[in-house]
Structures are given as C-alpha cells and as structure tokens.
Amino acid sequence: MSESAGGRAAEAGGTDPIFDRLAELLADEVPVALATVIDEAGDAIPAVGGPAAGRHLLVRRTSGDGVEVLGSLGDEGLDRVITRDALGELSAGRSGVRHYGEHGEAREEAVSVFVESFAAPPQMLVFGAVDFTAALVRVAKVLGYRVTVCDAREVFATTQRFPLADEVVVRWPDRLFAEVGPELRRRDAVCVLTHDVKFDVPAIIGALATTVGYIGVMGSRRTHDNRLERLREAGVTDEELDRLRSPIGLDIGARTPEETAISIVSEIIALRTGRSARGLSATVGPIHG
C-alpha cells in the first residue's frame, strides 16, 4: 500500500462513498482494486453510447469465495466483467488500462477502464536458515518482497542472522502454512532451501496446497529425485510435482550465495511475466560446469 494512494483516497474521502471505503481498506492494508472509466487519452470524457467516464467500481475479495463490490461503471454486463478482471489484476498486483465493448465485450475498444491495484507487497517464504538464505533475503527485499524466514531450529533461525527479514519464525512448515497459506497468491513465492526431508517435504506439501505462484526447491538432481520419491509416497500427484522448480533458479552459472539468489529471483520474475527463460529444472546434466 502506498502512502500516496492512501493520501489521494483520504483527500477524496467525503466526496464519494467509494473513496471513503477505499481509505478504510487502505488504512487496514486490505488488498483492493479500483476501476475507473476513462477515454483513450485518459481524460474524464463520457464514452459515446457507453458508461460515463469517471465512474468507479471498487472490488475486493472477502472471506471464503466472497467478493465485495461497491459502485458501478454504468452497465451491468461491464460491471460483471470488470469485477472478474479487477480481481485477477489484484491477485497479480498489476495496474493498467483495459478495453471493452460497452457491455463488457472482449476485443472491443468502446470503453477504456483503468484498473488500479492496491495490494500489499508480495510475500516470500524462505524455508531453511542456511547460508544461502541471507543472500536471498537481501535480494528479495530490494525487489519489494515481504520476506519470512522459517526454520524449526531455534539456534539458526534468529533475527541476528537475518536482520533484513521482515519476520523470522521458529516453526514447522505445516504450522506456518496454516496461518499464511490462504493469503498466498500468484505474486508470492516459496523457496525451500533445506536438504532435510523431515523439513522440506512438509514445506513442499504445504506450498502445493496453496495458490502461490512460485515454488522453488534447492538441491542437486539426485537429491531432488530422492525427494520426489518421498513426495509421491506422501500422496503428491505428478500434476502437483510439475509446479516445483528444482534445481532452483535460472541456468546462469551461479555459484556464490549472492549469485544463486539472483538466479532464484530471476526465475521468479520470468515465471510471473511469462517470459521464456531457461530454468535449471528444464536442463539436464551437472548443475555446475
């Protein structure tokens, strides 16, 4: 949530119930999307034969599968389509202009709508308080992630070792996922950096039960093959296993913890944006040349 967004909402408060509600949600750090009808140039000019520019629709998810919708863009069909698309943009943390027919038809440009997402920073859960973790935390923070480091070993999971992490928890993976799993979305990432099946298998199973967009697992190909056997024994399907990125990261020849961290976040970005980038999980042979 940006201070400028909160300021604009606060300034607009009192003139429109939508902005009063937006200010409340921003103050509570609740993810929300605001859709506004504009013309092609972005001016507040009524669309010919369509909804008047300047109309707003506020959309957010509520508990379960519920959706809160406030306002209208002037057409029931357009409202329905925008509600769906705004939730998708909010889940991805994107803002931008989308074009529709007057009643929400796809591939038409009669109405231009600016969808602005006000979302909390993407989350990264890092399992394993190992040497690579500190480097990954540093790089992830530069990219704006809210980073949680989790390890069941109290002696290793300390704020002194990971001062840049937003949270360091001494917990087993299943307990952490019980708390934050329902909040994870496509923008978020889970990185499992341990090599202990007692910890990484529950971490992977917990991640697979969420809609998190990236699940990366560190380890050699042999380690991963052994891990896959244990996951299958635990009832994980091949379709679920296809979500795993292991060996973790892009094939950039990374060796140091810092290089490996860059390799990992590069793969996260490539997966999120849909760009073609070769991950180590898509290669064969030794990881290091």
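Start by selecting H56 and showing its side chain, which reaches the backbone oxygen of G54 at 3.0 Å. Keep in mind that you're looking at a predicted model. H56 sits in strand β2, residues 56-61. Buried or exposed, would you say, for H56? It's buried: the relative accessible area of H56 is 14%, and the cut-off for buried is under 20%. Now show what surrounds H56: leaving aside neighbours within four places in sequence, its contacts include D16, I18 and F19, then L34, A35 and T36, and also the stretch L70, G71, S72 and L73.

Next stop, the open sheet. Colour its six strands in the order β8-β7-β6-β9-β10-β11 and you'll see parallel pairing. Look at the edges: β8 (167-170) and β11 (244-245) each have a single partner strand, so one side of each has no neighbour in the sheet. Zoom in on β7 (residues 146-151), which runs parallel to β8 and is joined to it by four bridges. Pick T148 and you'll find its bridge partner in β8, E167.

Last stop: select α4 (residues 131-142) and α9 (residues 257-273), which pack at an angle of about 55° with their axes 8 Å apart. That angle makes α4 oblique to α9, and their crossing is right-handed. To see the contact itself, show side chains: among those meeting here are F132, L136 and V139 from α4, and P257, A261 and V265 from α9.

Methods: Residues are numbered from 1 along each chain as its sequence is written. This is a predicted model: local features need pLDDT of at least 70, side-chain atom pairs count only at pLDDT 80 or more; totals for chains, interfaces and linings use all residues. Side-chain values use heavy atoms; hydrogens and water are left out. Two strands pair if DSSP finds at least two bridges between them. Helices (H or I, at least four residues) and strands (E, at least two) are DSSP runs, numbered from the N terminus. Buried means under 20% relative accessible area, exposed over 50%, partly exposed in between (1.4 Å probe, protein chains only). A polar contact is a pair of N or O atoms within 3.5 Å; within protein, one must be able to donate a hydrogen and the other to accept it, and residues adjacent in sequence count only if both atoms are side-chain atoms. Contact means heavy atoms within 4.5 Å. Axes are lines fitted to C-alpha atoms, for helices over the stretch in contact, and angles run from 0 to 180 degrees between N-to-C directions. Angles under 35 degrees count as roughly parallel, over 145 as roughly antiparallel, 65 to 115 as roughly perpendicular and the rest as oblique. A crossing is left-handed if the near helix is turned anticlockwise from the far one by less than a right angle, and right-handed if clockwise.
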